[in-house]
Amino acid sequence: MERLVDARGLACPQPVINTKRALEEGGAGTVITLVDNPIARDNVLKLARSLGCRAEVEEREDGFAIRIEREGAEIASSPADDKKKTVDAGTEVLVLIPTDLFGQGAEELGQVLMRMFLYTLTELKERPAGIILINGGVKLAAQGAETVPFLEALAAAGVEILVCGTCLDYYGLKERLAVGTVSNMYTIAEKLLQAQRVITIP
Amino acid sequence: MGPGTLSQVLREITHLNQDPRLLIGLETTDDAAVYQLDDQQALIQTLDFFTPVVDDPYLFGQIAAANALSDVYAMGGTPLLALNIACFPTCLPVEMLGAILKGGADKVREAGALIAGGHTVEDEEPKYGLAVTGLVHPDRVISNAGARVGDLLILTKPLGTGIILTAAKAGLAQQDAVARIEESMATLNREAAQAMLAVGVSACTDITGFGFLGHLHELAAASGVMVEVAAEGIPLFPAATELAQMGLVPGGAYRNREYLAGKVAFAPEIGEELQDVLFDPQTSGGLLISVPQGKEGKLLAELARRGVSEARLVGRVVAGSPGRIKVVPQL
């Protein structure tokens with residue numbers, strides 16, 4: 001598979017970001033990045049090298065075409081990987097949970113509702129492709145939280161659980177993460193933009 | 001603007017300065033102009049402004065002011081007065097401009113100077129900085145032209161702000177790495193300057209847009225000496241080399257590298273990512289000080305005592321072709 005990234009006219013560091021995204025999403029295959037200046041060319045070459053990819057530059061009239069070969073490793077084979085791929089492809093639903101309480105009102109009720117919500121997700125046939133935990137939501141994935149078993153069940157069923165690393169740091173929970181993958185705002189923002197539908201828990 | 005383009009443009013006006021009272025003008029590519037008033041006093045004048053490097057307007061104001069004040073410190077002077085220069089679009093909330101100016105004013109007050117006025121124009125992109133006036137004794141001006149063979153070189157802040165800011169723009173920088181450079185960029189070079197004045201040094205410049213090697217080259221060329229840089233001693237912000245390796249190198253670093261082609265020689269052990277950091281344009285970087293041999297320990301101790309804890313010995317001045325730089329693993 002060959003993917004084209006047209007980064008002509010884009011300011012630094014955008015060509016690197018766009019190329020990185022294409023390499024991460026595409027699995028094995030070739031990414032060709034077009035750039036219109038030598039700075040972008042050199043930065044994209046550095047990126048390719050840092051990711052262990054082979055890269056060749058072809059000089060063109062309006063700039064450079066950088067051909068980057070990504071080998072093996074990331075081809076989806078297991079069902080979980082398939083699921084991950086659909087998140088990337090933007091065909092599924094994402095649930096964004098920015099709080100450990102479901103809704104506004106009594107705190108205790110909010111906790112109960114959040115537990116019920118996550119439990120119910122495990123029971124439903126139609127599941128989201130991913131759950132993103134940010135801000136207070138990261139507490140739901142910390143050791144000792146009553147919601148951990150439900151999140152584990154969802155993860156086992158192929159739901160991608162992304163947990164905001166900055167938020168874990170903020171709440172001092174980094175060492176106590178029980179379920180999910182630590183992620184960053186770059187990935188989270190990208191997923192949100194690509195999802196077909198995002199459901200935010202109030 | 002890159003150093004090559006700039007020196008070309010300035011060639012047109014350099015010869016116009018014939019007044020002996022202008023102790024330091026355009027000729028030696030120094031940090032600020034110095035004009036002698038009488039036997040006891042000389043004025044230092046400098047101006048610096050740029051587009052936002054961080055999202056927080058108050059922090060941006062602080063960084064821009066620390067950066068502008070730095071030129072006075074690098075000349076061994078004391079800042080007295082500052083004038084704001086700001087560009088601001090009509091489409092952004094005016095409170096944001098207020099926060100930028102507040103950040104600048106607070107930093108100027110911290111420096112013991114006053115904001116005496118300023119000028120704001122409408123522009124598509126915000127820009128902020130200051131024109132700063134300082135005072136120095138004419139005999140105690142520390143120029144970038146005084147480095148002598150045998151001197152040792154000390155750098156007072158780590159390198160890598162340009163690369164980390166580029167990575168932050170891409171959402172690829174760790175938050176603690178960004179927090180580190182923000183704190184450093186907003187830190188005045190005052191304590192570093194007082195340490196060098198207390199010890200007595202040969203030359204000084206501050207590290208900004210032309211990068212460590214660009215400003216080092218200017219110092220070496222103005223002083224008519226060659227320098228050796230020891231890579232192992234160079235203070236670096238965490239993650240700077242890793243991010244450079246990923247291609248998050250700002251255009252300014254490439255322009256600096258291009259300008260210095262033929263003037264810098266790297267030992268084979270010096271990797272490309274470290275070279276990128278050495279060419280990386282710095283915002284509100286540290287002072288680069290040339291100190292006579294034998295005084296370096298005293299200077300490092302004085303810097304540490306004043307809280308400039310990341311200052312390191314980074315090289316030495318040697319005889320050789322003026323302005324040439326050799327980067328080696330260790331001295």
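Predicted model: local features only at pLDDT ≥ 70, side-chain atom pairs only at ≥ 80, totals over all residues.

Q: Over which residues of chain A is the pLDDT below 50?
A: Residues 74–91 of chain A. Beyond near neighbours in sequence, that stretch has 28 contacts in the model.

Q: And what's the mean pLDDT for chain A?
A: The mean is 85, and 90% of the residues in chain A reach 70 or more.

Q: What about A:N135, what's its phi?
A: Near 45°, which is a positive value in a residue other than glycine. You'll find A:N135 in the loop between β6 and α5 (148–156) of chain A.

Q: Why does A:N135 count as partly exposed?
A: Because A:N135 has 15 C-beta neighbours inside 10 Å. Buried takes 20 or more, and exposed means 12 or fewer.

Q: Switching to how the chains meet. How many residues are in contact?
A: 14 residues of chain A are in contact with 14 residues of chain B. On the chain A side, α1, α2 (38–50) and α7 (185–194) each supply at least two residues. The helix that gives the most is α2(A), with seven residues.

Q: What classes of residue are on that side of chain A?
A: Nine nonpolar, three polar and two charged.

Q: Now chain B. How many helices and strands does chain B have?
A: Eleven helices and 13 strands. The C-alpha trace of chain B spans about 55 × 55 × 45 Å along its principal axes.

Q: Let's do the sheets. What's the order in the sheet of six strands?
A: The order is β1-β2-β3-β6-β4-β5 of chain B, in an open sheet with mixed pairing. At the edges stand β1 (22–24) and β5 (114–122) of chain B, each with a single partner strand, so one side of each has no neighbour in the sheet. The twist from one strand to the next averages 20°.

Q: Do β2 and β3 of chain B run parallel or antiparallel?
A: Antiparallel: four bridges join β2 (residues 33–36) of chain B to β3 (residues 42–50) of chain B. To see one spot, find B:Q36, which stands opposite B:A42 in β3(B).

Q: Which strands does helix α2 of chain B lie across?
A: In this sheet, α2 (residues 57–74) of chain B lies across β3, β4 (78–88) and β6 (127–136) of chain B, at about 30° to β6(B). α2(B) also lies across β8 and β11 (287–291) of chain B, running at about 175° to β8(B).

Q: So what's the sheet with β8 in it like?
A: That's an open sheet of seven strands in chain B, in the order β8-β11-β7-β12-β9-β13-β10, with mixed pairing. The edge strands are β8 (203–206) and β10 (264–266) of chain B.

Q: Which helix lies across β7, β11 and β12 of chain B?
A: Helix α11 (residues 296–305) of chain B, running at about 10° to β7(B).

Q: Last one: how many residues of helix α4 of chain B are buried?
A: Eight of the nine in α4 (residues 161–169) of chain B, so the helix is largely enclosed by the rest of the structure. The cover over those buried residues includes α5 (175–185), α8, α9 (251–259) and α10 (272–279) of chain B. Just after α4(B), B:G171 takes a positive phi of about 70°.

Terms used:
Residues numbered from 1 in each chain as written. Chains lettered and ligands numbered in written order. pLDDT = per-residue confidence, 0-100. Contact = placed C-beta atoms within 7 Å. Pairing = 2+ DSSP bridges. Axes fitted to C-alpha atoms, helices over the stretch in contact; angles between N-to-C directions. Nonpolar A, V, L, I, M, F, W, Y, C, P; charged D, E, K, R; others polar.
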